[in-house]
Amino acid sequence: MLQESRQLLNGNEAVALAALHAGVCLGTGYPGTPSTEILENFSLLGGKAQWAPNEKVAYEVGLGVAFGGGRALVTMKHVGVNVAADPLFTSAYTGVRGGFVFISADDPGMASSQNEQDNRRYARAAGVLMLEPADAQEAYEYTMRAYEISEAWRLPVMIRMTTRVCHSKSVVRPSGVAIKPPEPAHFVRDFASLVMVPAFARPAHRRLREKLARAEEWNEQSGLNRKIMKSEDLGIITSGVSFHHVCEAAPEASILKLGMTYPLPMQTIKKFIASVKRCVVIEEGDPYLVEAIRYEGGAVEGKPDMYRFGELNVSRVRRILNGDTSPEPVPPRGKPPQLCQGCPHRMTFAVMKKYDCIVSGDIGCYTLSVLPPFETMDSCVCMGASVTVGLGLRHALPPEEAKRVVSVIGDSTFVHSGLTGIAEMVYNPPPTGHVVVILDNGTTAMTGMQEHPGTGRTLDHQPTNKLSFERVLEAMGVPNVTVTDSPPAFEDALKAALERNELSMIIMRRTCRLAEPKIQLYEKAAAKCEQQNNSQNG
Amino acid sequence: MSNRKITNIVIAGLGGQGVIRAANILAEAAFLAGYDVKQSEIHGMSQRGGSVSSDVRFGTQVHSPMVPIGEADYLMVLHPTQVDNNLYMLREGGTLISTRMILEEGKDLESLDADNTPLTSRNFNVGLLGVLAQHIQFPEDAWIAAIRKHLPEKVHEQNIQAFMYGKNLTLACA
């Protein structure tokens, strides 16, 4: 029943297949490179998958599933975990009944991100179990194991992936054995575990630390950490995709490949260190393993600081092992990405440039407006920060400068984290007012055209309730709201808003050119479906 | 390449040109031919018309998903402007496969739509895979099955024709 025995999958597809084989009740997340395809594939395979407005919401919905005894899969990119950090930390206290697995898809080297934070630190800080697959086969196996482990320890499990695991294809042999949740979802009242008032949270924290101590001991024999003994002269401790770079760069070295990297199997690690003359830790990103091992007294070499930046590869691993800190060759620069030719929002930036706006920007395609020819974005920090950083600038700058500040945010980003900023704006308006522009292109374009609550379609493009931005803004008390799809009308509205000293919002609604043909197909299908329903009912 | 255990190929071009698609087809063909294979790519920002590349490695056992710098046996480039910035990936004596092989001097990719070859500005990536197939000995049905798997049905035939055209192209500079 479990499909062909040998498949070529990328890490994201492998996680989706494992989620299906593990009987996951609900997959939820927010799109973000390199995590996006997990839920899309889970849906294509027949799993129930949905986009949430943001990662915090997704995490909490997933937690509810697990509280009810169902298996939940929650996916996000590394910076999404920042958004979900609030429920993450306390979910380690509450624990879970159904298996709860969340994917943190990190982006070392920042192929498509605003930072290269190493989320392994989150597992340690929050006290949740962490698995690090090295390739698609392990992405499949570890996801399956993660549900068993989560239910056995009653703890959330974080699967930490990276771009080269998510987006690399390799041969996968599925186990051929589906694992079923032990019992169907049902509610069990348990105040002391699930209601985190201080009286219950204090013992819950002690319970967590005690669980983690036992989990560390268990991890010594978990079978998730592999020892490959070869040379006694050189031993390498590694995890994730770095394992494969190591195999190629140092084929004679002994290797301890860690699969479960929180809590770490310290006895196994110490024994390995003692069994070789020289022991080097090869890890991408932060010195997470090195610090933890040295804290426990393990004598290991780390990597020179220059290799903390960017991805590792075979050449860099060779250099680390040779202690080579000479400047690395810089590959020739390619052509940078840009706003699509024909993007209907290009003119929006041309107009803002004309009025010399100070643009507080946000995360999306439109961040590319910082590049020539526009150079019309003055800050970009994180999802939703356009609105709020813009407000701060308005509060601090002298009036003649403050009046030029405009916040620019995309439609999906607005739903993700813009709404609370609007509440702040209405509640604490700057003396010069403020101007917020929503670039509504009807899709989450940058990550590959995913749906969101403002499109009125679900993850698999079926019609659902649609969030109306203009009605929300009106209800929140924004006094001036203009909706337009015409460039001259946009310019008029912006000019008026900049002169007004009031709160103004302009929704510039023009569909993404790349998404347009697809959206037309979805709309046609929906209209046809409605017609059929009507004729049946009539 | 008789004693080399792994064959390394880098496919490069601009976002929207079908770089990833070509790499998917190549990796699938290697997979169907029975090899261990890894394919790696970077997307996201790169979708917006910027430089894109994808690595494909196959052999008896492949470890790293990334082709080490200067170790590509084949570099296949889909846009004339993207050759120079990717040459550093090619090993000494490696083979460059570029649009120069299918375009007349001074003509651009759009000219393919008007000429009388089966190649067009949309399927020439598969045409260049045909040129690559002159060097890589996968069974022909593995290639054809890979093309069918990674393209919509209505363009199967024209892409298979483009592939065969590339495979049978006599290369003056080969």
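Predicted model: local features only at pLDDT ≥ 70, side-chain atom pairs only at ≥ 80, totals over all residues.
## Strands across the chains

Two strands pair if DSSP finds at least two bridges between them. Strand β8 of chain A and strand β2 (residues 36-41) of chain B pair in the antiparallel sense, over three bridges. One bridge can be named: Ser168(A) has Ser40(B) in β2(B) as its partner.

## The side of chain A that touches chain B

The contact reaches beyond single residues. Chain A brings 30 residues to it, and chain B brings 29. Four elements of chain A give two or more residues each to this side: α8 (163-166), β8 (168-172), α11 (242-249) and α14 (314-321). By class, this side of chain A holds 13 nonpolar, twelve polar and five charged residues.

## Chain A as a whole

Chain A contains 21 helices and 18 strands. Its C-alpha trace spans about 75 × 65 × 50 Å along the principal axes. A compact globule of 538 residues would have a radius of gyration near 24 Å; chain A has 25 Å, so the two agree.

Of the 538 residues in chain A, 53% count as buried. Residues 24 or more positions apart account for 75% of them.

## Domains 1 and 2

Chain A is divided into three parts: domain 1 (7-219), domain 2 (226-321) and domain 3 (346-523). The centres of domain 1 and domain 2 of chain A, taken over C-alpha atoms, are 25 Å apart. Their contact takes 22 residues from domain 1 and 18 residues from domain 2.

On the domain 1 side, α6 (120-126), β6 (129-131), α8 and α10 (198-219) of chain A each supply at least two residues. That side divides into ten nonpolar, three polar and nine charged residues.

## A covered helix

Helix α2 (residues 37-44) of chain A is mostly covered. Six of its eight residues are buried. They are Glu37(A), Ile38(A), Leu39(A), Glu40(A), Asn41(A) and Phe42(A).

What do these buried residues of α2(A) pack against? Their neighbours are α1 (11-21), β2 (26-29), β3 (49-51), β4 (72-77) and β5 (100-106) of chain A. Just after the helix comes Gly46(A), with a positive phi of about 105°.

Notes: Residues numbered from 1 in each chain as written. Chains lettered and ligands numbered in written order. Contact = placed C-beta atoms within 7 Å. Nonpolar A, V, L, I, M, F, W, Y, C, P; charged D, E, K, R; others polar. Domains from an automatic or database assignment. Buried ≥ 20, exposed ≤ 12 C-beta atoms within 10 Å, placed from the backbone. Rg over C-alpha atoms; globule rule 2.2 N^0.38 Å.
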